[in-house]
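The following exercises are to be worked with the sequence and the model in view. Each task is followed by a solution in steps.

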Amino acid sequence: MTQPAFSLAVYCGSRPGVDPDFAACATAVGHWIGQHGGQLVYGGGNNGLMGLVAQATQEAGGRVLGVIPTALVEREFANKDCDELHIVDNMHQRKAMMAERADAFLAIPGGIGTLEELFEVWTWRQLGYHDKPIGLLNLNGYYTQLLDFLNTSVASGFMSEWQMSLIQSGPDAGALLPQLIQRAGLSHQSPLLASQL
């Protein structure tokens, strides 16, 4: 594959979740990245949604860059099939490298690790450490209560509407993904063109 058209960091669960739509979503996101000539930047594991999004990206012709701390190599079954796999000392290095190598960020369903990564990259954005777009895929209302709480925080005077405007949420990956890439100032290739790479 030639130089990727874009690099998208995807934060997601190292478990599959109980709803089969979660797995289907991870697979669809990976396929979209690969079909549009992109690179997945992710946590480097083979488990759960993480493994599915990486596998789907490569199946569709995309490139996969994984970053995993030494302590998680066995627990998350480090994906040795990554095009580029970095084993780092700790979570701080993992998140910093992922943020550096990505043009945009997307959180799909996941647990505490997904939330922590989302909130950190969002905090970095508000502080001006980066100006990359951030997306939250609210599949089947998974993040609705979180978004409601965040709006309560705005109403209570602890956050601003401007801070909320720094993340873009939506229920449909097919609509959200191209918006993130366009907001990053990049273009994604057509599926036909990507398949010829």
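Helices (H or I, at least four residues) and strands (E, at least two) are DSSP runs, numbered from the N terminus. The model is predicted: local features need pLDDT of at least 70, side-chain atom pairs count only at pLDDT 80 or more, and totals for chains, interfaces and linings use all residues. Residues are numbered from 1 along each chain as its sequence is written, and side-chain values use heavy atoms, with hydrogens and water left out.

**Exercise 1.** Locate Ala104, state whether it is buried or exposed, and list what it touches.

Solution. Step one: Ala104 belongs to strand E5, residues 104–107. Step two: with a relative accessible area of 0%, Ala104 is buried (buried means under 20% relative accessible area, exposed over 50%, partly exposed in between, with a 1.4 Å probe and protein chains only). Step three: not counting residues up to four places away in sequence, Ala104 touches Ser7, Leu8, Ala9, Lys132, Pro133 and Leu180, where contact means heavy atoms within 4.5 Å. Step four: Asp131 is 27 residues from Ala104 along the chain, and their C-alpha atoms are separated by 9.1 Å.

**Exercise 2.** Characterise the packing of H1 against H2.

Solution. Step one: two packed helices are described by the angle between their axes and the distance between the axes. Step two: H1 (residues 20–35) and H2 (residues 48–59) pack at about 35°, with axes 7 Å apart; axes are lines fitted to C-alpha atoms, for helices over the stretch in contact, and angles run from 0 to 180 degrees between N-to-C directions. Step three: H1 contributes Phe22, Ala23, Ala26, Thr27, Val29, Gly30, His31, Ile33 and Gly34 to the contact, while H2 contributes Leu49, Leu52, Val53, Ala56, Thr57 and Glu59.

**Exercise 3.** Which phi does Asn140 have, and where is Asn140 found?

Solution. Step one: most residues other than glycine have a negative phi. Step two: Asn140 has a positive phi of about 50° although it is not a glycine. Step three: Asn140 is found in the loop between strand E6 (134–137) and helix H5 (144–155). Step four: at a relative accessible area of 51%, Asn140 is exposed.

**Exercise 4.** Summarise the chain as a whole.

Solution. Step one: the secondary structure comes to eight helices and seven strands. Step two: the radius of gyration is 16 Å, close to the 16 Å that the globule rule gives for 197 residues, so the chain is as compact as a globular protein of that length; the radius is taken over C-alpha atoms, and the rule is 2.2 Å times the number of residues to the power 0.38. Step three: the C-alpha trace spans about 50 × 40 × 35 Å along its principal axes. Step four: 49% of the 197 residues count as buried.
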